[in-house]
Amino acid sequence: MTTTASLFDGKLFKSGLFNGGIFESEGITLASLIASLFGDGEQGGLWLPGPDTCYTDNGTTLCTAPGALVYRMDDLSGNGNHAIQATEAARPALQQTAGGLWYLAFDGVDDFLRTGSVSISEFHSMATAVNTTTPIASGRNADPVGFIAAAGSYNMASITIYRGGTVIKFRTRYIGLDDFSSTDAQIVLDANSNLPSTVLLQERITTTSLKKYINGGIAIERTAASTAPVDPAIWQFGPHERTAQFQPINIFANFVRAGTLTDSNREQLHELLAARSGATLV
Amino acid sequence: MSISALVPIAHLLAANAALEAAGHGPENFSVPAYAGTGATHAALHCWDSPEFLSALQAIPQVTILSGLVNGIDLDSIARTEKIIEDAGAQWGSESPALPNSGTVTAGMLYQFDEALWYVIQSFSRSTYNAHPNTYPALIRRVRNPQAVESWQQPIDQYDAYKALNPFTGQPDQATHNGETWYVTGVDGSGNNVWEPGVFGWTIVGQEPGPSETWVDTGATITSQAGQLFYVSLPIDGLGLTAGQAIRIGPTLETTFVQVWPGTTMLMQINPYVAATAGMKVWKWA
């Protein structure tokens, strides 16, 4: 069974993998952050790919080296929402950057992971740390790339990318609220451009307001056109739906919580995601 | 180095079953590839896995692209694109957006309004620039075999609805007139080309109750007259009503229309099925 202690020796950012101890002065560890986010029994999950959380089977054999195909990635929240892929061709590969950061490589053809059924309220927050090293060619921006999305209510998640100081948006459709789309939608990424590591957080604050935080700063705050409740049954990592993939992506961390976040929690979470992905918060 | 593989649609179910039996999980081939009006192949991509490669190589109908290609280690997208295009098919997710001007080419797939569209004959989008639904003779929507979409009249075997969808292992489904339907009847070639509600479709959740089944009418086909059939007993005594589902022999499902005017044992059916003398006539009741 995965434990936070075995992952990080109890010190969240003391490891060389985590930007040299971002939280050291605050005395915050991964365990204390998880306790803060999920300690009262909140539903959701925290998924940090690595050799201590990813298995080549359904929970028995840990991945031992980069390149291993991931059957299961453990949820560290304590909720047991482990992400699974039983189909071999659809499994992402656990990889490691030159700097030692672990991530899951999704091939953009058929890879994805899914949790089991998750009961989640209409209030929820989600975050991901993701990048891609493959240029997004013209014509590939017609659909959102669901780095983390709610299956059963597809298209809930959409993405804003921070690149070189510029906010670049995939066309967004639903982010847990109907009709949260349109004006901030379209992007055309430069062909032959690569995207650096990115941190973003999409947080549903109330039933009528949604904020996107990108690399630590508020990028967009909008009022939803509809407040229809959101009750996804399953969380899916990878492209937004299995039948319409087109963009290889690398996921360094994913997070979902059935509830809003305090500013303090959000900042800590952003720093965790930044540390996991090598991104620099603005 | 990674692996891309392709299998013709006719062998999709068997290939996925073989891979699952070899311990590689279900539905490995999951990416539709299209040629013409429908999906003709299914593709997959897998990161490096010698065991999986061996399992693929054991399936004779599967085409595999692994290793270097002209000295280049293709990425997952390029590798999958190549194996699909080498088979003369197109990857729907990689199709370009339908332009608003210029010429679109016959045989090409385009993306528009969250669907794929197949160009039947080349035309100018500068001239014909309304919604593609407006020009059914020029361009038509391609069915996504993994999605439940609005029903459209099939034009050939490739986009006809099937009782067994090889991508899902279930009957094809479609929405029509506010309901979701699934295929329950096909012609002798395995195709359903009828509008839901006419023949061969059942509304999801409204399956016939357990009390309904095929009942032997006691009559048999004795001979054929055009597309009408003579039966061995007076039809009025068989308890048939207009529109009632009937089955001739073990598989030929159709509907009863009427006793041909002026006769007592000549039966009109719709759609036509190729029944032969001696076949039993069953009714759904």
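**Strands of chain B**

I began with E1(B), which is joined to strand E4 (residues 63-66) of chain B by four bridges, the two running antiparallel. Two strands count as paired if DSSP finds at least two bridges between them. Strands (E, at least two residues) and helices (H or I, at least four) are DSSP runs, numbered from the N terminus. In E4(B), I found Ser66(B) as the bridge partner of Ile3(B).

I then looked up strand E3 (residues 38-46) of chain B, which is antiparallel to E1(B) and joined to E1(B) by six bridges. Here Val7(B) has Ala42(B) as its bridge partner in E3(B).

Is strand E1 (residues 3-8) of chain B mostly covered or mostly open? I noted that five of its six residues are buried, so to speak mostly covered. Buried means under 20% relative accessible area, exposed means over 50%, and partly exposed lies in between (1.4 Å probe, protein chains only).

**How I am reading the model**

This is a predicted model, in which local features need pLDDT of at least 70 and side-chain atom pairs count only at pLDDT 80 or more, while totals for chains, interfaces and linings use all residues. Residues are numbered from 1 along each chain as its sequence is written, chains are lettered from A and ligands numbered from 1 in the order in which they are written, and side-chain values use heavy atoms, with hydrogens and water left out.

**Salt bridges**

I looked at Lys82(B) and Asp86(B), whose side chains meet at 3.1 Å, N to O. Both lie in helix H3 (residues 76-86) of chain B, four residues apart, which is about one turn of the helix. Lys82(B) counts as partly exposed because its relative accessibility is 29%. Asp86(B) has a relative accessible area of 55%, so this residue is exposed.

**Charges over rings**

I checked for NZ of Lys or CZ of Arg within 6 Å of a ring centre and within 35 degrees of the ring normal. Arg72(A) turned up again, lying over the face of Tyr55(A) at 5.2 Å from the ring centre. In chain B, Arg143(B) lies over the face of Tyr161(B), 3.9 Å from the ring centre.

**Aromatic pairs**

My search of the whole structure gave 11 aromatic pairs over all chains. Rings of Phe, Tyr and Trp (its six-membered ring) pair if their centres lie within 6.5 Å; planes under 30 degrees apart count as stacked, over 60 as edge-to-face and the rest as tilted. The planes of Tyr103(A) and Phe252(A) stand at 40°, with ring centres 5.1 Å apart, so this pair is tilted. The pair links distant parts of the chain, with Tyr103(A) in strand E6 (residues 102-106) of chain A and Phe252(A) in strand E16 (residues 249-257) of chain A, 149 residues apart. Both Tyr103(A) and Phe252(A) are buried.

Terms used
A salt bridge is a side-chain nitrogen of Lys or Arg within 4 Å of a carboxyl oxygen of Asp or Glu.
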